[in-house]
Amino acid sequence: MLMTMKDFIRAPVAAALGGDSRAPGARGAIVGRARGSACVSRVVSRATRRAAVAVDGVRRRGRVISMGYSMDPNALPTFGGTPGQPGANGGMPGAKKAATPPKPPGGGLIMPGMDEFDDSVVTRNPLSGGSTSSPGGRGPTLTHDGSMADPSKPIPKVGGELSGAFEPYKPPPTFDAAKADETDPERMLMMLRGRVGLWHTLAKYIRPLQQRGYQPNDLFDATGIEPKEQAQWMTWLACYASLKESPKFADEKLEYFSDEYVGAPNLSQIMYLPSAVRVSAAEFIVDNEFEETQSRELVKAYEIRKANANTVVARSFNETPGDILAFKLYRDIQELQRYQGEEEAKRLFDKGSKYAVTETAKERLKSAFDLYVSQINGPASVGFCARGAG
């Protein structure tokens with residue numbers, strides 16, 4: 001049973017009076033209290049109306065959902081077709097396709113050879129002398145110097161080697177060919193800092209910088225080149241300059257010492273040789289592609305040969321670097337101990353025979369090797385050892 005609004009207001013008043021709200025004694029109290037409850041009635045009325053509107057909105061939305069969605073074909077994208085008929089390009093199925101002309105392949109790009117391509121916009125330029133005019137003689141032609149050229153004549157040769165509009169490649173001058181500028185300290189420091197050039201080109205900058213007050217540690221702070229490497233470059237440069245100034249030393253062999261890691265370290269060894277034999281020793285090093293350890297052995301051989309120059313055995317070896325090195329190896333075979341074995345003697349013999357020039361030097365090496373082998377394997381060595389033990 002539904003309660004009316006009037007009964008809804010009277011209910012709390014009757015409950016407060018404990019009886020019927022229409023009794024004569026309670027009418028004054030009802031009137032006083034009814035005024036106070038008017039605000040409550042208005043609030044309830046507003047809430048009731050809002051609830052009714054909300055329920056009505058839900059019902060309307062329900063009706064919209066149940067009715068379904070009606071689509072307007074004219075509102076859809078046409079994708080190149082006509083409005084209302086998008087089925088021609090993937091639109092609504094069942095719609096009538098519009099009669100549109102077919103598009104050329106390639107997305108509208110016009111390529112040479114197609115009917116829409118205009119040949120007049122292209123000017124041919126063959127690689128080797130030929131006509132540079134476009135079909136039909138259209139379009140002017142310019143030469144390499146910017147002047148107008150006759151389309152009926154071939155392009156003249158450029159540089160004397162290649163024909164056509166291409167110049168021959170001309171490499172820029174190298175740092176070695178450029179003259180070292182020893183008047184600009186900043187430029188010298190920049191060259192050293194970037195290691196621009198070969199070592200003997202950069203070493204020329206160290207002495208001028210030292211004359212301007214740069215100490216080795218100052219150069220290290222400015223360029224990153226350690227003092228030890230600076231001193232090494234100066235030592236190499238002194239020996240390199242002596243070989244370069246010698247008319248007996250070929251320039252093509254001088255390039256071997258331009259390698260800072262293989263050829264140049266040999267200069268630290270041959271600098272100890274006298275100038276009279278330095279050129280021949282350097283040529284021998286280049287011809288055999290020696291490294292620093294091998295050059296050190298050669299320099300030692302010169303010292304041994306000089307110390308034993310008056311002996312009879314030394315006369316069997318001439319003054320060439322090969323025989324001088326063979327003489328040192330000959331003495332090394334003689335100084336071998338028994339525990340070193342035949343293999344070491346064979347290695348020294350093969351090495352000396354490789355560098356020996358004269359036949360007498362090779363014979364001396366062979367005799368020294370045979371003597372050593374006979375001493376460690378023959379019966380004489382056993383008796384010698386027994387006498388030594390007794």
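N266 counts as buried because its relative accessibility is 0% (buried means under 20% relative accessible area, exposed over 50%, partly exposed in between, with a 1.4 Å probe and protein chains only). Keep in mind that this is a predicted model, where local features need pLDDT of at least 70, side-chain atom pairs count only at pLDDT 80 or more, and totals for chains, interfaces and linings use all residues. Residues are numbered from 1 along each chain as its sequence is written, and side-chain values use heavy atoms, with hydrogens and water left out.

**Around N266**

- You'll find N266 in the loop between α9 (251-254) and α10 (helices are DSSP runs of H or I with at least four residues, strands are runs of E with at least two, and both are numbered from the N terminus).
- The N266 side chain reaches the backbone oxygen of G263 at 3.0 Å.
- N266 and S295 are joined, side chain to side chain, by a polar contact of 2.4 Å (a pair of N or O atoms within 3.5 Å; within protein, one must be able to donate a hydrogen and the other to accept it, and residues adjacent in sequence count only if both atoms are side-chain atoms).
- Not counting residues up to four places away in sequence, N266 touches Y256, F257, I285, F290, E291, E292 and S295 (contact means heavy atoms within 4.5 Å).

**Where α8 meets α11**

- Helix α8 (residues 227-245) and helix α11 (residues 275-288) have axes that come within 11 Å and cross at roughly 95° (axes are lines fitted to C-alpha atoms, for helices over the stretch in contact, and angles run from 0 to 180 degrees between N-to-C directions).
- C239, S242 and L243 make the contact from α8, and R278, V279 and A282 from α11.

**The nonpolar cores**

- The largest nonpolar core has 41 residues, and W199, W233, L243, F249, F257, L267 and I270 have the most contacts inside it (a core is a set of buried Ala, Val, Leu, Ile, Met, Phe, Trp, Tyr and Cys residues joined through side-chain atoms within 4.5 Å).
- Helix α8 gives this core its largest share, seven residues.
- Leaving aside neighbours within four places in sequence, L243 is in contact with F249, L254, F257, L267, I270, R278, V279 and A282.
- A second, separate core of 20 residues includes F327, I333, L336 and V373.

**Out on α14**

- K354 sits in helix α14 (residues 341-355) and counts as exposed, at 61% relative accessibility.
- From C-alpha to C-alpha, K354 and A326 are 8.5 Å apart in space, though 28 residues apart in sequence.
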